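The entries below follow the order in which I looked.

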Amino acid sequence: MFGFELTEFLLFGKQLGIALAGAAALWGFIFSLKDFHCGKDKQCIIYDWIAVRILPLFLIGVGIGSVSYAGLLSTVEAVAHEGIAYVPTTPEIVASFPILTPLFFALVALALVAISLPNKGGDKYANWITYFYAIAFLVCFAITSFPAWRGVLDGHQLFYAGHGFHSIFTVGSVIVLDYLFVLSKRAKILKEHVFALFPTISAVVWFGLAFDFLSALFIIEGFEPTTKMLFMQTVIGILIINGTLLSGPLARKMMNSVKPGGEGLKGGWKLVANIAGTVSITSWMTITFIDSFESLPFSYAEFFAGYLLVLAVIFAGHSFFEWMEERTAPPEFAHK
Amino acid sequence: MTEILNFTLFEKILIASGLLFFANVIWIASGGGFELLYVAKGIYLLGIIILATKA
């Protein structure tokens with residue numbers, strides 16, 4: 001319907017789910033590493049708390065990715081469309097299953113262990129989760145690097161890998177960043193610790209996009225001037241300019257606002273930060289989504305109208321969750 | 001609010017790259033080739049090299 005095929009939806013679900021799980025594992029690992037074995041110091045407890053709070057995001061990603069993959073296993077053989085120059089063909093996707101299935105089993109098993117362990121607020125769990133996130137990240141990285149298998153490690157295969165794993169560092173990391181931003185609304189002390197990592201997360205997102213651009217060098221002859229391509233290039237322009245504002249002047253303002261003596265974000269800045277955050281998450285999700293579908297029959301204006309509609313919905317949802325978090329009791333360590 | 005326009009060199013390069021993506025869309029839509037796309041990506045990668053050397 002409207003050019004959307006079930007298999008393409010499932011491929012999108014697999015890509016987005018594992019990108020989210022991989023990014024949650026990456027940033028969970030980094031936050032938990034910051035406190036590694038440093039005992040009961042307050043700083044350590046805060047980083048522990050943030051690392052464990054990222055776990056639900058990891059589990060959501062594993063859930064979406066695994067269900068989509070299970071769906072792919074049972075449907076993909078029924079579909080047989082010819083791929084354009086740089087889109088994986090159905091036989092190439094099917095050829096990746098023997099590599100992906102054991103990796104998905106490992107990922108689901110890891111997730112089940114993480115859920116079943118008791119006392120998630122304890123020191124032991126906080127130390128264990130560092131190793132857990134490291135392994136989970138490696139598994140997610142491997143899964144996203146094999147969206148298809150050509151049977152030979154050539155330029156095309158390297159493009160598939162780069163075009164796949166960059167999602168962990170881009171769309172996945174942007175979702176984690178936004179989640180942490182909303183979570184930090186509970187207490188100033190959380191903002192201090194979360195905002196401090198904004199420049200690092202932003203740099204990783206920029207490098208992720210660079211990986212994607214570099215991987216496209218392997219298929220330089222594969223570009224086609226379609227409406228979809230023009231729309232995606234527009235969204236890439238938007239996300240670069242918006243991301244520069246968000247990770248530059250806005251992030252600096254946010255970090256200064258939570259320093260000792262800082263006045264907090266004023267109304268106008270708050271609104272601009274919220275809009276920029278929404279544009280960022282919407283743009284990354286849009287290009288990941290559109291990229292998953294080969295034959296969309298929409299005009300440029302229709303693509304753009306859909307983008308603006310999604311932007312408005314995400315802005316409303318984002319504002320609602322922020323409002324909820326601001327009313328949630330801060331964690332115990334945050335009480336002065 | 002004017003602080004929002006205080007950009008570092010890296011950020012200025014990225015904004016130039018983003019604007020070139022828009023120019024590329026107009027160029028291709030009016031029958032041009034992919035030259036501006038390569039320039040936009042090249043400038044972006046230059047920005048990333050600057051970011052990497054400063055890190």
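My entries start with the interface and then turn to helix packing.

Entry 1, the interface. I kept in mind that this is a predicted model, and I looked up how much area chain A and chain B bury between them, which came to about 2,600 Å², with 82% of it on carbon and sulfur atoms. On the chain A side I noted Phe213(A), Ile241(A) and Trp269(A), which supply 20% of the area that chain A buries against chain B, more than any other three residues. I then listed the residues in the contact and found 31 from chain A and 28 from chain B.

I searched for salt bridges between chain A and chain B, and the rule finds 1. I recorded a salt bridge of Arg252(A) with Glu11(B), whose closest N and O atoms are 3.0 Å apart.

I looked up helix 10 (residues 227-257) of chain A against helix 1 (residues 9-29) of chain B, and found an angle of about 165° with the axes 9 Å apart. Since angles over 145 degrees count as roughly antiparallel, I wrote the pair down as roughly antiparallel. By class, I counted 15 nonpolar, 8 polar and 2 charged residues in the contact of these two helices.

Conventions: Residues numbered from 1 in each chain as written. Chains lettered and ligands numbered in written order. Predicted model: local features only at pLDDT ≥ 70, side-chain atom pairs only at ≥ 80, totals over all residues. Heavy atoms only, no water. Axes fitted to C-alpha atoms, helices over the stretch in contact; angles between N-to-C directions. Helix = DSSP H or I, 4+ residues; strand = E, 2+ residues; numbered from the N terminus. Parallel < 35°, antiparallel > 145°, perpendicular 65-115°, else oblique. Nonpolar A, V, L, I, M, F, W, Y, C, P; charged D, E, K, R; others polar. Contact = heavy atoms within 4.5 Å. Buried area = accessible area lost by both parts, 1.4 Å probe. Salt bridge = Lys/Arg side-chain N within 4 Å of Asp/Glu carboxyl O.
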